[in-house]
Amino acid sequence: MKTNIYSSVLSLCLLLSYSMKGQYQLLATDPSNDGVNSQLADGTHFAYYYDAQSDSIFFRIELNSLSPSMASGFGCNVMVNLFSTDPTFNFWGQDNQLPYHYLLTAWVTGSPPSNYTGTIGIADANGVNTQNYTNLYQNNIQIVIEPNLTRVTFGIKREDIMPARYQAPATGILAASVAAAVGSNQSWNDDLFDPDSRILIDMNGIGLEEVEESSFEVYPNPCTGLLYLDLEKDQLIQISDLQGRVLKSMNYRKDEALDLSFLKAGLYQIRTASGQYQSFIRQ
């Protein structure tokens, strides 16, 4: 199981609105009310956004509706085909003749917004074919849900589902065909798929210089409460969540442990007064 923050799955967030600094690109649309079971989630739009600076992919699925009963047991999948001869699996939904290399699965339990937890996992073909949907990675997550929910957004490190080894040698372009599915944490209900859609990522120098200038090390990561920052001087820092909400501002003293016991389990970001930033997981 992976433990490094740079290969970990980002928290899944169920939100009424989610703002990103970039524009989402539409991957597929799907008719409303075409799911197998009207009591389960039904998807209408599937889109993605690639953030080169963090080298992460964010997926967004818009839903026809999501009642409280649906939200308490929501589940979704993303299937990834990397145009490779590596072992594949066939998805079990309406597009069950299509081969894929990686499966991202997220399922949740509990009553939102409190006591709302879940698991997000990644599997390759070997894992899927043996019904082990977290054989590459799994992580407990904090989920936020707001009233009138019609949108699901979740992020993942690009390397976890689109490894760099699959890029075209001549161009450095990494390409994938993807499909999504929604339903409950127990069963599939509705697919979102367009055979002509592609995720295309230019791997030629993915903002590495920019990241090195803007980031600093934090450890241990994930942490259980105490976190150390590799900063050169004392300075003001801010702790924020995935939605950009500032949870706390404080003066950080170099080489001292930062007490994060007030945070719930999840993914957060630290920003400094000098403009540096880093993400960390609170277990």
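1. In this note, a residue is called buried when its relative accessible area is under 20%, exposed when that area is over 50%, and partly exposed in between (1.4 Å probe, protein chains only). By this scale Thr117 is partly exposed, with a relative accessible area of 44%.

2. The structure is a predicted model, in which local features need pLDDT of at least 70 and side-chain atom pairs count only at pLDDT 80 or more, while totals for chains, interfaces and linings use all residues. Residues are numbered from 1 along each chain as its sequence is written, and side-chain values use heavy atoms, with hydrogens and water left out.

3. Thr117 belongs to strand S9 (residues 117-124). Helices (H or I, at least four residues) and strands (E, at least two) are DSSP runs, numbered from the N terminus. Thr117 and Ala265 are separated by 148 residues in sequence, and their C-alpha atoms are 9.7 Å apart in space.

4. How many salt bridges does a search of the whole structure find? The search gives 4, a salt bridge being a side-chain nitrogen of Lys or Arg within 4 Å of a carboxyl oxygen of Asp or Glu. Side chains of opposite charge can pair when their charged atoms come close.

5. One of these salt bridges joins the side chains of Asp55 and Arg158, at 2.8 Å from N to O. Asp55 lies in the loop between strand S3 (43-51) and strand S4 (56-63), and Arg158 in helix H3 (residues 158-161), so the pair ties together parts that are 103 residues apart in sequence. Asp55 counts as buried, at 18% relative accessibility, and Arg158 also counts as buried, at 4%. Asp55 and Arg158 are linked with Glu159 in a network of salt bridges.

6. A salt bridge is also formed by the side chains of Arg253 and Asp234, at 3.9 Å from N to O. Which parts does this pair tie together? Arg253 is in the loop between strand S18 (246-252) and strand S19 (258-259), and Asp234 is in the loop between strand S16 (226-229) and strand S17 (235-240), so the pair connects parts that are 19 residues apart in sequence. Arg253 is exposed, with a relative accessible area of 52%, whereas Asp234 is partly exposed at 43%.

7. The side chains of Asp255 and Lys254 meet in a salt bridge of 3.2 Å, N to O. Asp255 is exposed, its relative accessible area being 57%, and Lys254 is partly exposed, with a value of 34%.
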